[in-house]
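Open the model in your viewer and keep the selection tool at hand. The stops below go from the whole chain down to single residues.

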Amino acid sequence: YSYERPGFIGHTLLSDLVTQYYPQRMFLARELLAGRLPLWNPYLFAGTPFLAEANTSVFYPINWLFVILPTAYAFGLVAWLHITITAIASWLLGRFSGVSAYASLLVALVAFGNGFVALWVSIPDIGGVIAWAPVVMIGALWLAHAIGHGNIYRQSQAALLFVGANLMAWLAQPDTSFYVTVISGCIVTGK
(Lines give C-alpha, C1' and ligand atoms only; values in the text may rest on other atoms or scores of the structure.)
Protein backbone atom coordinates (compact mmCIF):
# COMPACT_ATOMS: atom_id res chain seq x y z
CA TYR A 1 0.00 0.00 0.00
CA SER A 2 1.28 3.42 -0.87
CA TYR A 3 0.45 4.90 2.54
CA GLU A 4 2.68 2.33 4.26
CA ARG A 5 5.78 3.56 2.47
CA PRO A 6 7.86 5.99 4.50
CA GLY A 7 7.86 9.34 2.81
CA PHE A 8 4.40 8.94 1.26
CA ILE A 9 3.30 11.96 3.21
CA GLY A 10 6.49 12.49 5.14
CA HIS A 11 5.11 11.72 8.58
CA THR A 12 3.47 8.40 9.36
CA LEU A 13 1.24 9.81 12.12
CA LEU A 14 -0.14 12.52 9.88
CA SER A 15 -0.72 9.96 7.13
CA ASP A 16 -3.55 8.56 9.30
CA LEU A 17 -5.15 11.98 9.22
CA VAL A 18 -5.07 12.07 5.43
CA THR A 19 -5.72 8.42 4.58
CA GLN A 20 -8.19 7.47 7.32
CA TYR A 21 -9.79 10.35 9.23
CA TYR A 22 -10.30 12.84 6.41
CA PRO A 23 -12.18 10.37 4.17
CA GLN A 24 -14.17 9.06 7.16
CA ARG A 25 -15.34 12.53 8.12
CA MET A 26 -16.22 13.38 4.52
CA PHE A 27 -18.23 10.16 4.23
CA LEU A 28 -19.95 10.84 7.57
CA ALA A 29 -20.94 14.36 6.47
CA ARG A 30 -22.24 13.20 3.08
CA GLU A 31 -24.32 10.42 4.57
CA LEU A 32 -25.84 12.53 7.34
CA LEU A 33 -26.60 15.38 4.94
CA ALA A 34 -28.35 12.86 2.68
CA GLY A 35 -30.49 11.82 5.67
CA ARG A 36 -28.86 8.42 6.14
CA LEU A 37 -27.23 6.99 9.26
CA PRO A 38 -23.90 5.65 7.97
CA LEU A 39 -24.07 2.02 9.05
CA TRP A 40 -21.93 0.72 6.19
CA ASN A 41 -19.11 2.18 4.10
CA PRO A 42 -19.35 0.66 0.61
CA TYR A 43 -16.22 2.50 -0.58
CA LEU A 44 -13.68 0.72 1.64
CA PHE A 45 -12.58 -2.76 0.58
CA ALA A 46 -15.72 -4.61 -0.54
CA GLY A 47 -17.69 -2.71 2.08
CA THR A 48 -17.07 -2.43 5.80
CA PRO A 49 -19.04 -1.42 8.90
CA PHE A 50 -18.86 2.32 9.48
CA LEU A 51 -21.01 3.01 12.52
CA ALA A 52 -19.47 0.10 14.46
CA GLU A 53 -15.89 1.21 13.80
CA ALA A 54 -14.50 2.98 16.87
CA ASN A 55 -12.49 5.64 15.04
CA THR A 56 -15.48 7.03 13.16
CA SER A 57 -16.93 8.57 16.36
CA VAL A 58 -20.30 9.11 14.69
CA PHE A 59 -22.13 9.99 17.92
CA TYR A 60 -19.46 12.34 19.32
CA PRO A 61 -21.20 15.77 19.22
CA ILE A 62 -18.09 17.78 18.36
CA ASN A 63 -17.65 15.66 15.23
CA TRP A 64 -20.99 16.92 13.98
CA LEU A 65 -19.11 20.07 12.97
CA PHE A 66 -17.92 18.04 9.99
CA VAL A 67 -21.52 17.98 8.78
CA ILE A 68 -22.03 21.75 8.82
CA LEU A 69 -18.53 22.92 7.84
CA PRO A 70 -16.15 22.02 5.04
CA THR A 71 -14.04 19.09 6.20
CA ALA A 72 -10.71 20.94 6.22
CA TYR A 73 -12.12 23.81 8.32
CA ALA A 74 -13.88 21.41 10.66
CA PHE A 75 -10.58 19.64 11.41
CA GLY A 76 -9.06 22.93 12.50
CA LEU A 77 -12.06 23.95 14.60
CA VAL A 78 -12.30 20.52 16.25
CA ALA A 79 -8.59 20.63 17.12
CA TRP A 80 -8.97 24.17 18.53
CA LEU A 81 -12.01 23.11 20.59
CA HIS A 82 -10.14 20.11 21.97
CA ILE A 83 -7.12 22.22 22.92
CA THR A 84 -9.38 24.84 24.52
CA ILE A 85 -11.35 22.24 26.50
CA THR A 86 -8.05 20.66 27.59
CA ALA A 87 -6.67 23.99 28.85
CA ILE A 88 -9.83 25.11 30.66
CA ALA A 89 -10.46 21.67 32.17
CA SER A 90 -6.82 21.41 33.27
CA TRP A 91 -7.05 24.80 34.99
CA LEU A 92 -10.27 23.69 36.72
CA LEU A 93 -8.64 20.39 37.71
CA GLY A 94 -5.79 22.32 39.30
CA ARG A 95 -8.21 24.55 41.20
CA PHE A 96 -10.34 21.61 42.28
CA SER A 97 -7.21 19.81 43.47
CA GLY A 98 -6.48 22.71 45.80
CA VAL A 99 -3.54 24.40 44.12
CA SER A 100 -3.33 28.16 43.70
CA ALA A 101 -4.71 30.05 40.73
CA TYR A 102 -1.17 30.66 39.42
CA ALA A 103 -0.25 27.00 39.73
CA SER A 104 -3.50 26.09 37.98
CA LEU A 105 -2.63 28.53 35.20
CA LEU A 106 0.71 26.78 34.82
CA VAL A 107 -1.10 23.42 34.65
CA ALA A 108 -3.37 24.82 31.93
CA LEU A 109 -0.45 26.25 29.95
CA VAL A 110 1.45 22.98 30.13
CA ALA A 111 -1.65 21.04 29.10
CA PHE A 112 -2.34 23.55 26.32
CA GLY A 113 1.15 23.67 24.91
CA ASN A 114 2.87 20.35 25.52
CA GLY A 115 4.15 18.26 22.66
CA PHE A 116 1.88 15.30 23.32
CA VAL A 117 -1.28 17.40 22.98
CA ALA A 118 0.12 19.33 20.01
CA LEU A 119 0.93 16.06 18.21
CA TRP A 120 -2.22 14.07 18.95
CA VAL A 121 -4.89 16.78 18.86
CA SER A 122 -4.91 16.66 15.08
CA ILE A 123 -6.40 13.16 15.31
CA PRO A 124 -10.01 14.00 16.26
CA ASP A 125 -10.87 10.97 18.37
CA ILE A 126 -7.66 10.98 20.41
CA GLY A 127 -7.93 14.76 20.79
CA GLY A 128 -11.40 14.19 22.22
CA VAL A 129 -10.11 11.82 24.87
CA ILE A 130 -7.29 14.23 25.75
CA ALA A 131 -9.81 17.07 26.08
CA TRP A 132 -12.30 15.20 28.27
CA ALA A 133 -9.77 13.37 30.49
CA PRO A 134 -9.33 16.33 32.90
CA VAL A 135 -13.11 16.74 33.12
CA VAL A 136 -13.41 13.03 33.98
CA MET A 137 -10.74 13.50 36.67
CA ILE A 138 -12.62 16.50 38.12
CA GLY A 139 -15.77 14.39 38.24
CA ALA A 140 -13.87 11.56 39.92
CA LEU A 141 -12.34 13.86 42.55
CA TRP A 142 -15.66 15.59 43.18
CA LEU A 143 -17.47 12.25 43.46
CA ALA A 144 -14.86 10.90 45.89
CA HIS A 145 -15.14 14.09 47.97
CA ALA A 146 -18.97 13.99 47.95
CA ILE A 147 -19.04 10.33 48.95
CA GLY A 148 -16.69 11.10 51.83
CA HIS A 149 -19.01 13.80 53.14
CA GLY A 150 -22.30 11.93 52.62
CA ASN A 151 -24.04 14.78 50.75
CA ILE A 152 -26.46 13.01 48.38
CA TYR A 153 -27.14 16.17 46.34
CA ARG A 154 -23.42 16.72 45.71
CA GLN A 155 -22.97 13.02 45.03
CA SER A 156 -25.59 13.12 42.30
CA GLN A 157 -24.06 16.25 40.72
CA ALA A 158 -20.58 14.73 40.82
CA ALA A 159 -21.81 11.42 39.44
CA LEU A 160 -23.54 13.25 36.60
CA LEU A 161 -20.32 15.09 35.70
CA PHE A 162 -18.26 11.91 36.07
CA VAL A 163 -20.57 9.83 33.89
CA GLY A 164 -21.18 12.63 31.37
CA ALA A 165 -17.50 13.35 30.84
CA ASN A 166 -16.75 9.64 30.59
CA LEU A 167 -19.48 9.32 28.00
CA MET A 168 -18.00 12.16 25.95
CA ALA A 169 -14.56 10.53 26.08
CA TRP A 170 -16.04 7.14 25.16
CA LEU A 171 -17.92 8.68 22.24
CA ALA A 172 -14.67 10.22 21.01
CA GLN A 173 -12.66 6.98 21.18
CA PRO A 174 -13.68 3.96 23.26
CA ASP A 175 -10.38 2.11 23.38
CA THR A 176 -8.27 4.99 24.73
CA SER A 177 -11.10 6.11 27.02
CA PHE A 178 -10.97 2.77 28.80
CA TYR A 179 -7.69 3.82 30.45
CA VAL A 180 -9.14 7.18 31.53
CA THR A 181 -12.12 5.38 33.06
CA VAL A 182 -9.92 2.90 34.94
CA ILE A 183 -7.68 5.65 36.34
CA SER A 184 -10.63 7.81 37.36
CA GLY A 185 -12.33 4.79 38.92
CA CYS A 186 -9.19 4.24 41.00
CA ILE A 187 -9.41 7.86 42.15
CA VAL A 188 -13.03 7.41 43.27
CA THR A 189 -12.39 4.16 45.12
CA GLY A 190 -9.06 5.23 46.53
CA LYS A 191 -10.18 8.49 48.16
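**Whole chain**

Of the chain's 191 residues, 41% count as buried (under 20% relative accessible area; exposed is over 50%, partly exposed in between; 1.4 Å probe, protein chains only). This is a predicted model: local features need pLDDT of at least 70, side-chain atom pairs count only at pLDDT 80 or more, and totals for chains, interfaces and linings use all residues. Residues are numbered from 1 along each chain as its sequence is written, and side-chain values use heavy atoms, with hydrogens and water left out.

Show the C-alpha atoms. They fill a box of roughly 55 × 35 × 30 Å along the principal axes. Switch to cartoon. The chain has eight helices and two strands (DSSP runs numbered from the N terminus: helices are H or I, at least four residues; strands are E, at least two). From the N terminus, the order is α-β-β-α-α-α-α-α-α-α. Among contacts (heavy atoms within 4.5 Å) with a separation of 6 or more, 57% join residues 24 or more positions apart.

**The α3 and α6 pair**

Select residues 71-96, helix α3, and residues 124-149, helix α6. Their axes come within 9 Å and cross at roughly 20 degrees (lines fitted to C-alpha atoms over the stretch in contact; angles run from 0 to 180 degrees between N-to-C directions). That makes α3 roughly parallel to α6 (under 35 degrees). The crossing is left-handed (the near helix is turned anticlockwise from the far one by less than a right angle).

Now show side chains. The contact includes F75, V78, I85, A89 and F96 of α3, and A131, W132, V135, I138 and W142 of α6. By class, this contact has 17 nonpolar, five polar and no charged residues (nonpolar: Ala, Val, Leu, Ile, Met, Phe, Trp, Tyr, Cys and Pro; charged: Asp, Glu, Lys and Arg; polar: the others, Gly among them).

**Zoom on A89**

Pick A89 in helix α3. Is A89 buried or exposed? At 4% relative accessibility, A89 is buried. Leaving out residues up to four places away in sequence, A89 touches A131, P134, V135 and I138. Draw a distance from A89 to V135: their C-alpha atoms are 5.7 Å apart, across 46 residues of chain.

**Last stop: a salt bridge**

Select E31 and R36. They form a salt bridge, with the closest N and O atoms 2.9 Å apart. The count by this rule is one (a side-chain nitrogen of Lys or Arg within 4 Å of a carboxyl oxygen of Asp or Glu). E31 is buried at 12% relative accessibility, whereas R36 is partly exposed at 45%.

Key. Angles under 35 degrees count as roughly parallel, over 145 as roughly antiparallel, 65 to 115 as roughly perpendicular and the rest as oblique.
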